[in-house]
Structures are given as structure tokens and as C-alpha cells.
Amino acid sequence: MSKQFDVIVIGAGPGGYIAAIRAAQLGMQVACIDEWKNDKGGPAPGGTCTNVGCIPSKALLQSSEHFDQASHHFAEHGIAVKGLSMDVATMIGRKDKVVKQNNEGILYLLKKNKVSFFHGRGSFVKAVEGGYEILVTGAASETLTGKQVIVATGSRARALPGTPFDEENILSNDGALRIGTVPKKLGLIGAGVIGLEMGSVWRRLGSDVTILEGLPTFLGAVDEQIAKEAHKAFVKQGLKIELGVAVGDIKTGKKGVSVAYTNAKGEAQALLVDKLIVSVGRYANTEGLNAEVVGLTLDERGLVVVDDDCKTNLPGVWAVGDVVRGPMLAHKAEEEGVAVAERIAGQHGHVNFNTVPWVIYTSPEIAWVGQTEQQLKASGRTYKAGTFPFLANGRARALGDTTGMVKFLADAVTDEILGVHIVGPMASELIAEAVVAMEFRASSEDIARICHAHPSLSEATKEAALAVDKRSLNF
Ligand code: FAD
Ligand code: NAI
């Protein structure tokens with residue numbers, strides 16, 4: 001007889017483990033299945049985010065930022081560092097420790113909330129009276145039955161056709177996070193979020209980094225003014241970014257990896273690097289699910305098809321996170337996980353897709369919420385814009401980090417905030433105020449009239465809001 005559950009969650013990334021915890025909090029008997037293995041073959045819940053995504057990339061971004069500061073910026077403060085050196089193995093070891101702490105934290109949280117965790121692959125067996133049978137294939141195989149199933153199987157890196165990842169020379173995000181020594185020359189294909197974050201890590205540590213991007217525009221989804229400012233800063237730091245290229249043959253040999261490509265002018269070029277990171281987007285993880293036996297509908301890209309409420313075509317089957325439409329972001333996955341658990345419990349879970357923030361953890365950081373200026377122009381909406389540069393912010397000057405600006409976009413008639421875009425120090429933290437404001441449908445005047453601590457970077461947010469009405473005080 002199989003074990004019976006109210007809810008079975010397949011996948012323990014941020015979408016899955018959070019859905020499992022919320023469902024358990026609401027009084028349901030919950031199972032959560034995840035197949036990720038740590039280096040000893042044991043469970044490593046947390047998904048891409050914890051194991052090879054958000055957490056390890058931010059650990060390495062922090063370490064490399066410290067090295068960059070010590071190498072190039074301490075002297076401005078009168079601090080001399082003699083014999084500065086770096087040990088990549090220690091850096092990677094620290095990152096691995098951070099990952100492990102997170103894996104253990106999630107196992108603890110699942111236990112604390114009485115979620116039954118199963119280590120192995122979950123796949124559909126068949127629909128049964130009032131639910132579904134799910135097979136767990138792991139060290140031992142067993143069958144579970146759930147009244148409701150939440151698919152949260154996430155995504156994996158997309159390789160270029162004919163160039164599989166070997167994680168030695170041709171790296172996905174996985175290999176990119178465990179390069180053992182600083183490559184002299186590093187190439188990246190794709191100047192998206194991973195390309196820029198990983199490129200920044202290894203550039204700070206001393207690599208000569210070239211990023212080849214297929215599109216002619218830099219960060220096309222970002223507000224143009226902000227993307228331009230960021231591009232200027234990255235180029236100044238020494239990141240080489242080539243836009244509008246067509247990548248051709250990639251070959252691995254004794255001298256490294258050679259990439260043939262055509263540049264934006266149509267000229268044939270060759271790039272020889274020690275390592276190549278391919279960061280050209282991600283695929284949904286659905287092939288292990290046995291979706292066809294129950295008739296779960298996938299789209300042509302393999303994503304599980306869901307409606308706005310994360311309902312699939314099957315009664316009692318839901319899907320959240322990277323495996324469904326929408327941005328591939330950990331916090332979007334979590335929000336969907338909570339909302340689905342609440343809907344199963346008969347509540348009115350809700351995700352506001354208009355206020356999902358984005359952050360790119362480069363230096364300067366880039367963060368935004370809501371619409372860009374180019375989107376507003378395209379939609380014909382009339383708007384007012386206000387910007388404030390960090391150069392005019394006292395705290396930024398004290399920090400020695402004055403690159404960038406805060407930009408507000410507000411409705412021309414009602415003054416409702418339609419988008420906030422930041423490039424600059426701590427943009428990842430500053431954006432939270434804008435998210436709250438937009439969630440409460442605040443006007444730019446609301447932010448302009450709120451008292452912000454002095455001296456703080458958040459004063460730049462207030463000043464940008466004031467600038468919407470052309471009344472900045474400090475610029
Ligand atoms: P995942 O995290 O992918 O988890 C899915 C889990 O399901 C995995 O553990 C997988 O092993 C398991 N699984 C799959 N199939 C099965 C099966 N059949 N049976 C059992 N288990 C299965 N997002 C941010 O918001 N901020 C960031 O800073 C950020 N940085 C990133 C950096 C990198 C390098 C990468 C690659 C991604 C980053 N992301 C970031 C994106 C973020 O990691 C994802 O959006 C997030 O992990 C999606 O969560 P998820 O739960 O949908 O899927
Ligand atoms: P991405 O979609 O951000 O960027 C991929 C880039 O590669 C695009 O600019 C695209 O035009 C380019 N590209 C695609 N095919 C190409 C080709 N053949 N040749 C040259 N360029 C090509 O995808 P990425 O960087 O792989 O990251 C995947 C996702 O992971 C992100 O979209 C994001 O959702 C998530 N992520 C989020 C982070 C964050 O929130 N800070 C950090 C890292 C990843």
C-alpha cells in the first residue's frame with residue numbers, strides 16, 4: 001500500500017520547498033521529493049538556487065568583490081595592502097560551505113514543518129481515484145499517492161547546438177561556479193544575467209573576460225537609460241562585451257577553447273580562451289516526470305502549461321517556478337509556491353506579476369520593478385520621469401561608490417508609480433521600497449513626502465521621486 005498524502009511536491013527548489021512548508025502550515029499532510037545529490041550522494045534540497053544558482057553565485061560575487069576592493073580601492077582610504085594574494089580553493093570551499101549550510105537549513109525547515117522528504121526522482125505513474133500515484137526512484141523506490149500534486153522541477157542550462165557542456169572547458173552555470181584556478185582568458189556566450197554576474201566574478205579575480213552576445217542591444221529587457229549606464233561601467237572595469245555576434249564553430253583543443261564568430265559588422269573573428277561559459281538561457285526540467293502517462297500538457301519548449309493561478313490541464317495538478325511561464329527567478333517561484341498551497345487550502349493566494357523585482361548582482365548592481373521607459377512609450381501611456389544620480393548622494397560619496405542613478409517613471413495624470421529602475425550601490429536592497437510602494441499603488445509624491453534617513457542611499461530614491469515633479473533638492 002502506497003503512502004498517502006494530501007499534497008505531493010516534486011522538486012525542493014525555492015518553488016517546491018516553500019510550497020511544501022506553506023501547505024504543511026495550513027494543516028495538510030505533505031511529501032516533498034527532490035533528486036539533487038551532494039558530493040557524498042546525500043540529499044541537497046534547495047534546487048538550482050541553493051546548489052548552482054543564487055546562493056553560490058552571490059558567495060563568489062562577495063569574495064571577488066572583496067579582492068577587487070583590496071586590489072583597487074583600499075588605497076583611496078589610506079589603507080595599504082602589501083603582498084595581497086588570493087586562494088581560489090579557499091574561496092570555492094567557502095562557497096561550498098555556504099551552500100551546505102543552506103541545504104541543511106532547508107532539511108531542518110522541512111522536518112520542523114513535518115513535511116516528509118523523499119530523496120530521489122519523482123515521476124507520475126497514473127491517476128487514481130481522487131489523486132495521483134507518484135513513483136520515487138532513489139536509493140530505494142517507493143510509491144506515494146497524493147490528492148494534489150505540485151510540479152516544481154525547475155530548469156537546467158541550455159547548451160549551444162553541437163557543443164555539450166563538459167564542465168571542464170565548456171561550462172554551464174554549474175562548472176562556472178567551481179573553476180579551480182583563475183583562467184587567464186575567459187569567454188562567455190550570452191550577456192544576460194549569468195554572463196554578466198559570472199563574467200564579473202572572474203574579471204575581478206584577474207581574468208581577461210570577453211562576452212559574446214547575439215542580440216544587437218545590451219540588456220534589452222532593462223530600461224535603456226539604465227542599461228547604457230551599466231554598460232559604460234562594465235566596459236570601464238575591463239569587461240569586453242561584443243554585441244550582435246553570430247557564434248559559429250566551437251572547438252576544444254590543447255590551447256583551450258576556440259570560438260569562431262561573426263561580429264556585428266559581418267567580419268569573421270576568432271576568440272581563443274582557457275574556459276568558455278555558455279549562458280544562453282535555460283530549459284524546463286520536465287523530461288523525468290513521465291508527464292505523458294497522465295496527459296499533463298507541456299508547450300513546445302517543454303514548459304508545463306499553466307493558467308494565471310498555476311493550474312495545469314489536470315485536476316489537482318499544479319506547477320510553479322522555472323518549470324512554468326514567466327521570469328526564472330527564485331522569489332517568483334516562492335510566491336507561486338505559497339499561492340498554490342493557499343489555493344489548495346481554499347484560500348485566495350495571489351501573485352502580482354507586475355511587482356516582481358529583478359536584480360542583477362554586478363557592480364554596480366542593477367535592479368528594477370515595473371515598466372521600462374521603452375515599454376511605456378510602446379504602450380502609448382503618458383508618463384513623467386525623474387532621475388537622481390548617486391554622484392549627488394552624500395552616503396554614496398562616503399562609500400566611494402557613486403556610479404549610477406535611481407529613475408522613477410510615474411503616470412502623467414495620476415502620478416502612480418509605473419516603474420523604478422536603479423543602477424548603483426546596493427540597488428538590490430533599495431528596490432524593496434519601490435516594490436512596496438507599487439504594491440500599495442503609491443504615487444511618486446508619496447515617496448517624495450516620506451522621511452528617509454540621512455545619510456543613506458535611500459535618499460537617492462526620495463530625490464528621484466522629487467525629480468518626477470522637477471523639485472529635487474540636492475541636484
Ligand atoms: P529549481 O531551483 O531548479 O529546483 C528544482 C528542483 O527539482 C531541483 O532540486 C531538481 O533537482 C529537482 N527535480 C527536477 N526534476 C525532478 C524530479 N523528476 N524528481 C525529483 N526532483 C526533481 N534567481 C533569483 O531570483 N536571484 C538570483 O540571484 C539568481 N541567481 C541565479 C544564478 C544562477 C547561476 C542561476 C543558474 C540561476 C539563478 N537564479 C536566480 C534563478 C533561480 O535559481 C531559479 O529561478 C530558481 O531556482 C527556480 O526555482 P524552482 O524551485 O522553480 O526550480
Ligand atoms: P538570459 O536569458 O538572462 O541571457 C541569455 C543571453 O544569451 C541573452 O542576452 C541572449 O540574447 C543571449 N543568447 C542566446 N543565444 C545566444 C547565442 N546563440 N549566441 C549569443 N548570445 C546568445 O539567460 P542566462 O544568463 O542563461 O540566465 C538564465 C536565467 O537565470 C535568467 O534569465 C534569470 O531568470 C536567471 N538568473 C537570475 C539571476 C538573478 O536574478 N540575479 C542571476 C542568474 C540567473
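Which side chain has an N or O atom 2.6 Å from an oxygen atom of ligand 2? I looked this up to begin with, and the side chain is that of Glu213.

Before going on I noted that this is a predicted model, in which local features need pLDDT of at least 70 and side-chain atom pairs count only at pLDDT 80 or more, while totals for chains, interfaces and linings use all residues. I also noted that residues are numbered from 1 along each chain as its sequence is written, that chains are lettered from A and ligands numbered from 1 in the order in which they are written, and that side-chain values use heavy atoms, with hydrogens and water left out.

**Ligand 2**

I stayed with ligand 2 and found 23 residues around it, of which Glu197, Glu213, Gly281, Met328 and Val359 come nearest; a residue counts here if one of its heavy atoms lies within 4 Å. For polar contacts I used pairs of N or O atoms within 3.5 Å; within protein, one must be able to donate a hydrogen and the other to accept it, and residues adjacent in sequence count only if both atoms are side-chain atoms. A backbone N or O atom of Ile194 lies 2.9 Å from an oxygen atom of ligand 2, and a polar backbone atom of Gly281 is also listed at 2.9 Å from an oxygen atom of this ligand. On its own ligand 2 has 830 Å² of accessible area (Shrake-Rupley method, 1.4 Å probe), and the protein covers 75% of that. Helix 6 (193-204) and strand 17 (358-360) each supply at least two residues of the shell, and helix 6 has the largest share, with three residues; helices (H or I, at least four residues) and strands (E, at least two) are DSSP runs numbered from the N terminus.

**Ligand 1**

I then turned to ligand 1, which is surrounded by 37 residues, the closest being Asp34, Thr48, Lys58, Gly122 and Asp322. An N or O atom in the side chain of Asp34 is 2.7 Å from an oxygen atom of ligand 1, and for the side chain of His331 I noted 3.2 Å. Taken alone ligand 1 exposes 1000 Å², and the protein buries 94% of that. Helix 2 gives the most to this shell, with four residues.

**Lys332**

Is Lys332 buried or exposed? I found that Lys332, which lies in helix 9, is buried, with a relative accessible area of 1%; buried means under 20%, exposed over 50%, and partly exposed in between (1.4 Å probe, protein chains only). Its side chain reaches the backbone oxygen of Gly321 at 3.1 Å.

**Salt bridges**

Last I looked at salt bridges (a side-chain nitrogen of Lys or Arg within 4 Å of a carboxyl oxygen of Asp or Glu), and the count comes to 25. Asp68 forms one with Arg203, with the closest N and O atoms 3.8 Å apart. Asp68 lies in helix 3 and Arg203 in helix 6, so this pair ties together parts that are 135 residues apart in sequence. Asp68 is buried at 8% relative accessible area, and Arg203 counts as buried at 13%. I also noted the salt bridge between Lys251 and Asp249, with closest N and O atoms 3.8 Å apart, where both residues are exposed.
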